[in-house]
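Morning, everyone. Let me put the structure up, and then we will walk through a few local features.

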Amino acid sequence: MQYDFDLFVVVGGDITVVTDPTGIRLPRVFLGRRTATAQVQMNTDDVMGVSDPRAFLYTTIHAALTELIARVSDRDNVFDADGERAKIEFLILDDSGERESKL
C-alpha cells in the first residue's frame with residue numbers, strides 16, 4: 001500500500017510576497033494514515049524572475065515530492081520509493097523525453 005502526498009503550494013507574486021527561500025516547509029509523515037504532507041513556498045523574486053515559470057513550478061514541486069518520498073522511505077522499509085519517484089518523473093521531462101533545465 002502506497003502513501004498519499006499532500007502539498008500546499010504558496011507562490012510569491014505581486015499580491016502574496018514570499019521572502020523566504022524557495023523550498024519545502026513543515027514536512028510531515030504519518031505512518032498510520034499513510035500520508036505525507038508539506039508546504040512548498042516559492043520566493044517572489046524567484047517566481048517573478050524566471051523566463052519559464054512552468055518549468056520552475058514543475059521542478060520545485062518535483063524537488064518537494066522527492067524530499068517527501070525520501071522521508072517516507074526513511075521511516076517505512078517496505079515503501080516503494082523507486083516506484084513513487086518514477087510516478088513523478090514527468091515533472092522534470094519535456095514532451096520529447098529530454099530533461100528540462102533545473103533553473
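Start with Arg 34, which is found in the loop between S2 and S3. Helices (H or I, at least four residues) and strands (E, at least two) are DSSP runs here, numbered from the N terminus. A word on the source: this is a predicted model, where local features need pLDDT of at least 70, side-chain atom pairs count only at pLDDT 80 or more, and totals for chains, interfaces and linings use all residues. Residues are numbered from 1 along each chain as its sequence is written, and side-chain values use heavy atoms, with hydrogens and water left out.

Back to Arg 34. Its phi is near 55 degrees, a positive value in a residue other than glycine. Most residues other than glycine have a negative phi. Is Arg 34 buried or exposed? At 19% relative accessibility, Arg 34 counts as buried. The cut-offs: buried is under 20% relative accessible area, exposed is over 50%, partly exposed is in between, with a 1.4 Å probe and protein chains only.

Leu 26 also has a positive phi, near 50 degrees. Leu 26 is in strand S2. Leu 26 is exposed, at 52% relative accessible area.

Next, rings. The structure holds two aromatic pairs. Rings of Phe, Tyr and Trp (its six-membered ring) pair if their centres lie within 6.5 Å; planes under 30 degrees apart are stacked, over 60 edge-to-face, the rest tilted. Tyr 3 and Phe 79 are edge-to-face, 5.4 Å centre to centre, with 90 degrees between the planes. Tyr 3 lies in the segment before strand S1 (4–11) and Phe 79 in the loop between helix H2 (53–75) and helix H3 (81–87), so the pair ties together parts 76 residues apart in sequence. Both Tyr 3 and Phe 79 are buried.

Phe 5 and Phe 79 form a tilted pair: 6.5 Å centre to centre, 55 degrees between the planes. That pair links Phe 5 in strand S1 to Phe 79, 74 residues apart. Phe 5 is partly exposed, at 22%, while Phe 79 is buried, at 7%. Ring pairs link Tyr 3, Phe 5 and Phe 79 into a cluster.

Last, H2. What does H2 pack against? Its buried residues pack against S1, strand S2 (23–30), strand S3 (35–42), helix H1 (44–49) and H3, where contact means heavy atoms within 4.5 Å. Among those buried residues are Phe 56, His 62, Leu 65 and Val 72.
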